[in-house]
Amino acid sequence: MKRFIDIFGRNLWVMMLLLGLAFVNVSCDDDDDDDSGDENPMPVETMTITDIAAGNADFSILVAALQKVGLDDDLASESSEFTVFAPTNAAFGDLLTELGASGLDDIPNDVLTSVLLYHVASGTKMASMIETGYYSSLSDGPMDGYGLSFYVDMETTMINGRAKITATDIKADNGVIHVIDKVIMPMTITDHAIANPAFSSLVAGVTKAGLAEALSDDDASFTVFAPTNDAFAMFFTDAGITLDDLSAETLSSVILYHALGDFVPASMVEAGYFPTLSTAFERNISVKIETEGGVFLNSDSEVVATNVVATNGVIHAINKVIMPPSVVDIAIDNSDFSILVEAVVKAELVDALSGDGPFTVFAPTNAAFEALFSTLGISGIADLTKEDLTPILLAHVVSGNVASTDLSNGNVPTLNDQKTLAINIDSGVSIDGSINVIAADVQGKNGIVHVIDKVIVP
């Protein structure tokens with residue numbers, strides 16, 4: 001009997017447990033049914049970048065600045081993603097001291113907007129995704145569609161050589177926040193060169209040439225093809241000199257030869273000759289740009305990085321220093337003048353035409369020389385002697401730096417005493433009635449080149 005009671009008791013306990021579980025399940029099902037009919041479900045809480053900043057007392061000045069210019073709502077948008085390098089209150093305090101300002105109200109809204117957006121990049125960039133290099137901010141550059149650039153050095157975790165990244169990867173619903181200890185400021189071309197250690201040689205040259213202030217002028221607009229330190233090291237080695245061996249005047253001419261007087265981003269770079277800020281005979285010296293298979297300057301120096309956008313222009317990095325060319329260099333750097341160069345070399349006129357000048361050269365193209373060879377029934381320069389070539393070549397050279405706008409109808413003497421050129425400018429520029437100038441005003445350091453479609457024969 002006792003064994004039966006024990007068995008019955010155990011079975012009764014199991015039955016009660018199963019009934020209890022069934023009751024719980026039914027209750028849960030009932031609760032689910034009730035929830036599904038709730039017309040006012042609890043809202044899902046969001047934590048945008050603005051929310052996170054507002055919830056951190058150490059970002060109170062940043063939040064106040066965002067609210068002052070109306071950017072707080074933008075950084076609360078969940079339709080876009082942002083990476084924000086967020087300055088602390090201490091960072092803003094240092095900035096106000098630096099500016100001699102008592103508070104945010106002393107900073108104009110347009111300036112404050114530019115500064116704040118300079119701390120924001122599009123997209124979510126976690127710390128593991130950030131590499132040493134340039135990044136585009138949402139702060140407007142000199143041209144629509146080009147945001148101001150900032151430079152991140154991940155070896156030192158510094159931005160623009162000014163602000164240190166002190167905390168990373170504060171994730172928000174619409175992006176990520178990285179904390180920095182200084183407010184970063186939009187930079188000029190000079191500032192950008194200083195901030196990047198790879199341009200220290202350029203900075204030294206700019207400083208010695210006295211150009212730092214000019215390239216910091218926010219009222220101007222420049223495109224600078226900036227040689228890297230390796231480019232300068234190669235240049236000094238090849239020339240057998242150091243920076244100390246170059247005068248400020250020479251350095252100024254060389255550095256300005258790397259600058260154009262306009263904002264030209266990579267997408268707008270075209271092939272052709274363009275005026276630089278380096279001058280000779282009161283004209284801007286030309287640089288030749290080629291765009292096939294990359295971007296090359298004077299057929300030698302390659303653009304290796306593009307679109308570092310500054311407040312007053314844009315920087316493209318190059319791998320070789322370029323020098324203001326002579327009229328001979330202009331011919332050497334253009335493959336369409338290869339026969340002309342061969343002729344000048346054979347006539348032993350290279351040194352003469354590389355002198356101080358000034359010279360005005362009417363340069364025949366390869367096609368022009370090939371037409372002459374056909375007329376003479378010869379195969380090329382090899383069939384002509386130095387004595388044949390010298391009077392022909394000297395007939396293409398006029399003393400002085402004569403731009404196309406300086407030409408007028410009349411006869412012009414050449415370096416060949418037996419030959420004058422009959423110039424006509426009534427419809428373009430023509431020489432001797434049948435030779436046409438097809439490209440004009442390629443300025444060199446010792447003269448100017450005009451391209452012609454036929455060889456001048458004395």
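Let's start with one spot in the sheet: D140 stands opposite G147 in β4. Before going further, a word on what you're looking at: this is a predicted model, where local features need pLDDT of at least 70, side-chain atom pairs count only at pLDDT 80 or more, and totals for chains, interfaces and linings use all residues. Residues are numbered from 1 along each chain as its sequence is written, and side-chain values use heavy atoms, with hydrogens and water left out.

Back to those strands. β3 and β4 (residues 147-153) pair in the antiparallel sense over 5 bridges. Zoom out and you'll find 7 strands in an open sheet with mixed pairing, running in the order β2-β1-β7-β6-β5-β4-β3. The edges belong to β2 (120-122) and β3 (133-140); each has a single partner strand, so one side of each is left without a neighbour in the sheet.

Helix α5 (residues 109-117) packs on this sheet and touches β2, β3 and β4, its direction making about 150° with that of β3. Contact means heavy atoms within 4.5 Å, while axes are lines fitted to C-alpha atoms (for helices, over the stretch in contact), with angles from 0 to 180 degrees between N-to-C directions. So which residues of α5 are buried? They are L112, V115, L116 and L117, and their cover includes α3 (60-69), α4, β2 and β3. Buried means under 20% relative accessible area, exposed over 50%, and partly exposed in between (1.4 Å probe, protein chains only).

Another buried residue worth a look is H192, at 1% relative accessibility. H192 sits in helix α6 (residues 189-195). Leaving aside residues up to four places away in sequence, H192 touches Y118, Y134, S149, F150, M187, V308, V309, A310 and I315.

Now for the charged pairs. Searching the whole structure turns up 6 salt bridges, each being a side-chain nitrogen of Lys or Arg within 4 Å of a carboxyl oxygen of Asp or Glu. One of them joins R162 and E98 at 2.8 Å, N to O. That pair links distant parts of the chain, 64 residues apart: R162 is in the loop between β5 (158-159) and β6 (163-172), and E98 is in helix α4 (residues 89-99). R162 is partly exposed at 26% relative accessible area. K288 and E290 form another bridge, with their closest N and O atoms 3.0 Å apart. Here K288 is buried at 10%, whereas E290 is partly exposed at 25%.

A further bridge brings E348 and K386 together at 2.9 Å, N to O. E348 lies in the loop between α11 (338-346) and α12 (350-353) and K386 in helix α14 (residues 386-394), so the pair ties together parts 38 residues apart in sequence. E348 is exposed at 58%, and K386 is partly exposed at 33%.

K386 also turns up where α11 meets α14: L340, A343, V344 and K346 in α11 touch K386, L389 and L393 in α14. By type, the residues of this contact divide into 5 nonpolar, no polar and 2 charged (Ala, Val, Leu, Ile, Met, Phe, Trp, Tyr, Cys and Pro count as nonpolar, Asp, Glu, Lys and Arg as charged, and the others, Gly among them, as polar). The axes of α11 and α14 come within 9 Å and cross at roughly 115°.

Technical notes: Helices (H or I, at least four residues) and strands (E, at least two) are DSSP runs, numbered from the N terminus. Two strands pair if DSSP finds at least two bridges between them.
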